[in-house]
Amino acid sequence: MSNTSLAGKVALVTGGSRGIGRAIVQKLASLGAKVAFVYASNQQSADELVEAEVAAGHEVFALKCDVAKKEEVDKVVEQVLEKWERVDILVNNAGIIRDGLVATMKPEQWQAVIDTNLTGVFNFCQACTRPMMSQRFGRVVNMSSVSADFSNPGQANYAASKAGIEGLTRCMATELAKRNITVNAVAPGFIETDMTVAVVNAAGEQIKKSIPMKRLGRPEDIAGAVAFLVGDDGSYITGQVLKVDGGLTLGGMG
Ligand code: NAP
(Lines give C-alpha, C1' and ligand atoms only; values in the text may rest on other atoms or scores of the structure.)
Protein backbone atom coordinates (compact mmCIF):
# COMPACT_ATOMS: atom_id res chain seq x y z
CA MET A 1 0.00 0.00 0.00
CA SER A 2 0.97 3.60 -0.57
CA ASN A 3 3.18 5.53 1.78
CA THR A 4 2.73 8.73 -0.20
CA SER A 5 3.17 11.84 1.89
CA LEU A 6 -0.03 13.72 2.59
CA ALA A 7 1.84 16.80 3.86
CA GLY A 8 -0.18 19.96 3.32
CA LYS A 9 -3.44 18.06 2.86
CA VAL A 10 -6.48 18.61 5.07
CA ALA A 11 -8.55 15.53 5.88
CA LEU A 12 -11.96 15.12 7.47
CA VAL A 13 -12.87 11.68 8.87
CA THR A 14 -16.30 10.75 10.25
CA GLY A 15 -16.57 8.29 13.14
CA GLY A 16 -12.92 8.82 14.03
CA SER A 17 -13.13 8.19 17.76
CA ARG A 18 -13.06 4.39 17.65
CA GLY A 19 -12.42 1.32 15.52
CA ILE A 20 -11.69 1.70 11.83
CA GLY A 21 -12.10 5.49 11.87
CA ARG A 22 -9.54 5.84 14.63
CA ALA A 23 -6.97 3.86 12.61
CA ILE A 24 -7.72 6.06 9.57
CA VAL A 25 -7.15 9.24 11.60
CA GLN A 26 -3.84 7.82 12.87
CA LYS A 27 -2.72 6.72 9.39
CA LEU A 28 -3.55 9.99 7.60
CA ALA A 29 -1.95 12.04 10.39
CA SER A 30 1.18 9.85 10.29
CA LEU A 31 1.45 10.60 6.55
CA GLY A 32 1.44 14.33 7.31
CA ALA A 33 -2.20 15.35 6.79
CA LYS A 34 -3.96 17.75 9.13
CA VAL A 35 -6.95 15.75 10.35
CA ALA A 36 -10.31 16.81 11.76
CA PHE A 37 -12.59 14.01 12.85
CA VAL A 38 -16.15 13.79 14.10
CA TYR A 39 -17.73 11.47 16.62
CA ALA A 40 -21.28 10.93 17.90
CA SER A 41 -21.03 10.87 21.70
CA ASN A 42 -17.90 9.15 22.96
CA GLN A 43 -15.98 12.24 24.01
CA GLN A 44 -13.48 10.35 26.14
CA SER A 45 -12.24 8.24 23.20
CA ALA A 46 -12.12 11.33 20.99
CA ASP A 47 -10.14 13.32 23.57
CA GLU A 48 -7.67 10.45 24.14
CA LEU A 49 -7.00 10.18 20.41
CA VAL A 50 -6.50 13.92 19.96
CA GLU A 51 -4.17 14.02 22.97
CA ALA A 52 -2.03 11.13 21.66
CA GLU A 53 -1.86 12.56 18.13
CA VAL A 54 -0.96 16.06 19.28
CA ALA A 55 1.73 14.57 21.57
CA ALA A 56 3.14 12.80 18.49
CA GLY A 57 3.42 16.19 16.76
CA HIS A 58 0.39 15.77 14.49
CA GLU A 59 -2.33 18.34 13.80
CA VAL A 60 -5.56 16.63 14.80
CA PHE A 61 -8.79 17.91 16.32
CA ALA A 62 -12.22 16.47 17.06
CA LEU A 63 -15.77 17.79 16.76
CA LYS A 64 -18.98 16.26 18.08
CA CYS A 65 -21.50 15.93 15.25
CA ASP A 66 -24.36 13.67 14.26
CA VAL A 67 -23.66 12.92 10.59
CA ALA A 68 -27.41 12.45 10.00
CA LYS A 69 -28.10 16.13 10.84
CA LYS A 70 -27.36 18.40 7.91
CA GLU A 71 -27.08 21.60 10.02
CA GLU A 72 -24.43 19.97 12.26
CA VAL A 73 -22.50 18.66 9.25
CA ASP A 74 -22.49 22.05 7.51
CA LYS A 75 -21.21 23.63 10.72
CA VAL A 76 -18.35 21.13 11.00
CA VAL A 77 -17.23 21.74 7.43
CA GLU A 78 -17.40 25.52 8.03
CA GLN A 79 -15.21 25.11 11.12
CA VAL A 80 -12.62 23.07 9.22
CA LEU A 81 -12.56 25.64 6.41
CA GLU A 82 -12.20 28.48 8.93
CA LYS A 83 -9.26 26.73 10.58
CA TRP A 84 -7.39 25.28 7.61
CA GLU A 85 -9.01 27.00 4.57
CA ARG A 86 -9.48 23.82 2.56
CA VAL A 87 -10.62 20.22 2.69
CA ASP A 88 -8.77 17.80 0.44
CA ILE A 89 -9.75 14.40 1.79
CA LEU A 90 -13.14 13.24 3.08
CA VAL A 91 -13.50 9.79 4.62
CA ASN A 92 -17.13 8.91 5.37
CA ASN A 93 -16.58 6.15 7.89
CA ALA A 94 -19.26 6.64 10.60
CA GLY A 95 -21.71 3.78 10.69
CA ILE A 96 -24.04 1.81 12.97
CA ILE A 97 -25.89 -1.51 13.03
CA ARG A 98 -29.43 -2.09 14.35
CA ASP A 99 -29.97 -5.71 13.28
CA GLY A 100 -33.35 -7.40 13.02
CA LEU A 101 -35.39 -9.49 10.61
CA VAL A 102 -37.51 -7.47 8.16
CA ALA A 103 -40.68 -9.10 9.49
CA THR A 104 -40.14 -7.63 12.93
CA MET A 105 -37.82 -4.67 12.33
CA LYS A 106 -39.07 -1.48 13.97
CA PRO A 107 -39.33 1.59 11.73
CA GLU A 108 -36.81 3.31 14.06
CA GLN A 109 -34.24 0.53 13.46
CA TRP A 110 -34.60 0.97 9.71
CA GLN A 111 -34.50 4.75 9.83
CA ALA A 112 -31.55 5.10 12.23
CA VAL A 113 -29.32 2.98 9.99
CA ILE A 114 -30.38 4.71 6.76
CA ASP A 115 -30.03 8.18 8.34
CA THR A 116 -26.57 7.56 9.78
CA ASN A 117 -24.99 5.26 7.21
CA LEU A 118 -26.42 6.69 3.98
CA THR A 119 -27.82 10.19 4.56
CA GLY A 120 -24.77 10.96 6.70
CA VAL A 121 -22.53 10.18 3.73
CA PHE A 122 -24.65 12.35 1.44
CA ASN A 123 -24.56 15.24 3.96
CA PHE A 124 -20.77 15.27 4.21
CA CYS A 125 -20.28 14.72 0.48
CA GLN A 126 -22.51 17.67 -0.33
CA ALA A 127 -20.84 19.97 2.19
CA CYS A 128 -17.28 19.00 1.18
CA THR A 129 -17.52 18.70 -2.57
CA ARG A 130 -18.35 22.43 -2.91
CA PRO A 131 -14.94 23.52 -1.55
CA MET A 132 -13.28 20.60 -3.37
CA MET A 133 -14.79 21.79 -6.67
CA SER A 134 -13.35 25.28 -6.25
CA GLN A 135 -9.96 23.81 -5.25
CA ARG A 136 -10.16 21.48 -8.26
CA PHE A 137 -8.86 18.73 -6.01
CA GLY A 138 -10.55 16.21 -3.78
CA ARG A 139 -10.38 12.62 -2.56
CA VAL A 140 -13.51 11.02 -1.12
CA VAL A 141 -13.62 7.52 0.37
CA ASN A 142 -16.94 6.11 1.59
CA MET A 143 -16.99 3.14 3.95
CA SER A 144 -19.18 0.40 2.53
CA SER A 145 -19.14 -3.24 3.64
CA VAL A 146 -19.08 -6.66 2.02
CA SER A 147 -22.71 -6.73 3.28
CA ALA A 148 -23.62 -4.48 0.32
CA ASP A 149 -23.65 -7.55 -1.93
CA PHE A 150 -23.06 -10.48 0.41
CA SER A 151 -26.20 -11.10 2.43
CA ASN A 152 -26.80 -12.06 6.03
CA PRO A 153 -30.26 -12.45 7.53
CA GLY A 154 -31.09 -9.64 9.94
CA GLN A 155 -29.14 -6.90 8.20
CA ALA A 156 -31.56 -5.58 5.56
CA ASN A 157 -31.26 -2.01 6.82
CA TYR A 158 -27.45 -2.18 6.96
CA ALA A 159 -27.12 -3.95 3.59
CA ALA A 160 -29.45 -1.42 1.94
CA SER A 161 -27.48 1.49 3.41
CA LYS A 162 -24.17 0.07 2.16
CA ALA A 163 -25.54 -0.79 -1.31
CA GLY A 164 -26.82 2.80 -1.40
CA ILE A 165 -23.34 4.09 -0.54
CA GLU A 166 -21.87 2.17 -3.48
CA GLY A 167 -24.43 3.63 -5.91
CA LEU A 168 -23.84 7.13 -4.53
CA THR A 169 -20.08 6.61 -4.88
CA ARG A 170 -20.27 5.64 -8.56
CA CYS A 171 -22.66 8.46 -9.43
CA MET A 172 -20.59 11.10 -7.63
CA ALA A 173 -17.44 9.81 -9.32
CA THR A 174 -18.93 10.59 -12.73
CA GLU A 175 -20.15 14.02 -11.59
CA LEU A 176 -16.81 15.12 -10.15
CA ALA A 177 -14.08 13.45 -12.22
CA LYS A 178 -13.48 16.48 -14.43
CA ARG A 179 -12.74 18.58 -11.31
CA ASN A 180 -9.96 16.19 -10.26
CA ILE A 181 -12.09 14.77 -7.46
CA THR A 182 -12.03 10.99 -7.06
CA VAL A 183 -14.78 9.15 -5.18
CA ASN A 184 -14.27 5.54 -4.13
CA ALA A 185 -15.59 3.09 -1.56
CA VAL A 186 -13.84 0.56 0.65
CA ALA A 187 -15.78 -2.57 1.61
CA PRO A 188 -14.33 -4.25 4.70
CA GLY A 189 -15.00 -7.85 5.65
CA PHE A 190 -14.87 -8.85 9.34
CA ILE A 191 -12.78 -6.30 11.20
CA GLU A 192 -12.17 -6.49 14.95
CA THR A 193 -13.89 -3.44 16.44
CA ASP A 194 -16.64 -2.64 18.95
CA MET A 195 -19.17 -3.16 16.13
CA THR A 196 -18.26 -6.82 15.71
CA VAL A 197 -17.34 -7.73 19.28
CA ALA A 198 -20.59 -9.63 20.00
CA VAL A 199 -20.48 -11.77 16.86
CA VAL A 200 -16.75 -12.40 17.25
CA ASN A 201 -17.23 -13.47 20.87
CA ALA A 202 -20.02 -15.81 19.81
CA ALA A 203 -18.47 -17.29 16.66
CA GLY A 204 -14.92 -15.95 16.25
CA GLU A 205 -13.23 -19.27 15.42
CA GLN A 206 -15.94 -20.25 12.93
CA ILE A 207 -15.65 -16.85 11.23
CA LYS A 208 -11.86 -17.21 10.94
CA LYS A 209 -12.30 -20.60 9.28
CA SER A 210 -14.54 -19.01 6.61
CA ILE A 211 -11.90 -16.41 5.74
CA PRO A 212 -9.25 -17.66 3.28
CA MET A 213 -6.55 -15.68 5.14
CA LYS A 214 -7.69 -17.35 8.41
CA ARG A 215 -7.71 -14.18 10.46
CA LEU A 216 -10.04 -11.29 11.17
CA GLY A 217 -9.13 -7.94 9.73
CA ARG A 218 -7.54 -5.18 11.79
CA PRO A 219 -8.63 -1.53 11.60
CA GLU A 220 -5.12 -0.80 10.23
CA ASP A 221 -5.82 -3.07 7.22
CA ILE A 222 -8.65 -0.72 6.23
CA ALA A 223 -6.68 2.43 7.02
CA GLY A 224 -3.94 1.27 4.61
CA ALA A 225 -6.45 0.88 1.78
CA VAL A 226 -7.87 4.35 2.46
CA ALA A 227 -4.38 5.87 2.46
CA PHE A 228 -3.69 4.24 -0.92
CA LEU A 229 -6.89 5.66 -2.45
CA VAL A 230 -6.33 9.22 -1.17
CA GLY A 231 -2.60 9.34 -1.93
CA ASP A 232 -0.80 9.98 -5.23
CA ASP A 233 -0.75 6.26 -6.08
CA GLY A 234 -4.54 6.19 -6.20
CA SER A 235 -5.04 9.35 -8.20
CA TYR A 236 -6.42 7.67 -11.39
CA ILE A 237 -8.85 5.41 -9.55
CA THR A 238 -12.45 6.60 -9.25
CA GLY A 239 -15.91 5.09 -8.81
CA GLN A 240 -14.51 1.79 -7.50
CA VAL A 241 -15.28 -0.40 -4.52
CA LEU A 242 -12.18 -1.95 -2.98
CA LYS A 243 -12.96 -5.06 -0.93
CA VAL A 244 -10.58 -5.53 2.00
CA ASP A 245 -11.75 -8.83 3.44
CA GLY A 246 -8.96 -11.41 3.49
CA GLY A 247 -10.71 -13.23 0.64
CA LEU A 248 -14.00 -13.69 2.53
CA THR A 249 -16.19 -12.96 -0.52
CA LEU A 250 -14.24 -15.05 -3.03
CA GLY A 251 -16.54 -17.99 -2.47
CA GLY A 252 -13.78 -20.59 -2.21
CA MET A 253 -14.11 -23.82 -0.27
CA GLY A 254 -11.38 -23.46 2.08
P1 NAP B 1 -17.40 1.30 15.61
O2 NAP B 1 -16.19 0.70 16.24
O3 NAP B 1 -18.74 0.99 16.16
O4 NAP B 1 -17.19 2.91 15.54
C5 NAP B 1 -18.19 3.68 14.95
C6 NAP B 1 -17.73 5.12 14.87
O7 NAP B 1 -18.77 5.88 14.21
C8 NAP B 1 -17.51 5.77 16.22
O9 NAP B 1 -16.48 6.72 16.08
C10 NAP B 1 -18.85 6.49 16.47
O11 NAP B 1 -18.74 7.61 17.35
C12 NAP B 1 -19.17 6.96 15.05
N13 NAP B 1 -20.59 7.24 14.83
C14 NAP B 1 -21.65 6.40 14.95
N15 NAP B 1 -22.79 7.05 14.66
C16 NAP B 1 -22.46 8.33 14.36
C17 NAP B 1 -23.19 9.48 14.02
N18 NAP B 1 -24.53 9.47 13.89
N19 NAP B 1 -22.52 10.65 13.80
C20 NAP B 1 -21.16 10.69 13.93
N21 NAP B 1 -20.41 9.62 14.25
C22 NAP B 1 -21.05 8.46 14.47
O23 NAP B 1 -17.48 0.90 14.06
P24 NAP B 1 -16.36 0.27 13.07
O25 NAP B 1 -16.44 -1.19 13.17
O26 NAP B 1 -15.07 0.97 13.27
O27 NAP B 1 -17.02 0.66 11.67
C28 NAP B 1 -16.64 1.82 10.96
C29 NAP B 1 -17.27 1.75 9.56
O30 NAP B 1 -16.85 0.56 8.89
C31 NAP B 1 -18.81 1.70 9.58
O32 NAP B 1 -19.33 2.44 8.50
C33 NAP B 1 -19.10 0.23 9.38
O34 NAP B 1 -20.37 0.01 8.79
C35 NAP B 1 -17.97 -0.17 8.45
N36 NAP B 1 -17.68 -1.60 8.47
C37 NAP B 1 -17.22 -2.21 9.59
C38 NAP B 1 -16.95 -3.57 9.57
C39 NAP B 1 -16.41 -4.32 10.76
O40 NAP B 1 -16.25 -5.56 10.65
N41 NAP B 1 -16.11 -3.67 11.87
C42 NAP B 1 -17.17 -4.32 8.40
C43 NAP B 1 -17.65 -3.67 7.27
C44 NAP B 1 -17.89 -2.30 7.33
P45 NAP B 1 -18.81 7.41 18.99
O46 NAP B 1 -17.47 6.85 19.39
O47 NAP B 1 -19.03 8.78 19.50
O48 NAP B 1 -19.93 6.45 19.24
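**Pocket and ligand**

A pocket here is an open set of points on a 1 Å grid over the protein atoms alone, with protein on both sides within 12 Å along at least five of seven lines, and lining residues have an atom within 4 Å of a point; the volume is the space filled by probe spheres set on the points, which are joined across faces, edges and corners.

The model is predicted, and local features need pLDDT of at least 70, side-chain atom pairs count only at pLDDT 80 or more, while totals for chains, interfaces and linings use all residues. Residues are numbered from 1 along each chain as its sequence is written, and side-chain values use heavy atoms, with hydrogens and water left out.

Of the 48 lining residues, I noted Gly 95, Ile 97, Tyr 158, Thr 193 and Met 195 as the closest to the centre of the largest pocket. Helix 6 gives the largest share of this lining, 6 residues, where helices are DSSP runs of H or I with at least four residues, numbered from the N terminus.

I then checked what takes up this space, and the largest pocket is the space taken by the ligand, a molecule being counted as sitting in a pocket if more than half of its atoms lie within 2 Å of its grid points.

Around the ligand I found 31 residues, with Ser 17, Ser 41, Asn 93, Tyr 158 and Thr 193 the closest; a residue counts as near if one of its heavy atoms lies within 4 Å.

For polar contacts, pairs of N or O atoms within 3.5 Å, I noted a side-chain N or O atom of Ser 17 at 2.6 Å from a ligand oxygen, a polar backbone atom of Val 67 at 3.1 Å from a ligand nitrogen, and a backbone N or O atom of Ile 191 at 2.8 Å from a ligand oxygen.

How values were computed: A polar contact is a pair of N or O atoms within 3.5 Å; within protein, one must be able to donate a hydrogen and the other to accept it, and residues adjacent in sequence count only if both atoms are side-chain atoms. On a 1 Å grid over the protein atoms alone, a cavity is a set of points where a 1.4 Å probe fits but cannot get out, and a pocket is an open set with protein on both sides within 12 Å along at least five of seven lines; lining residues have an atom within 4 Å of a point. Helices (H or I, at least four residues) and strands (E, at least two) are DSSP runs, numbered from the N terminus.
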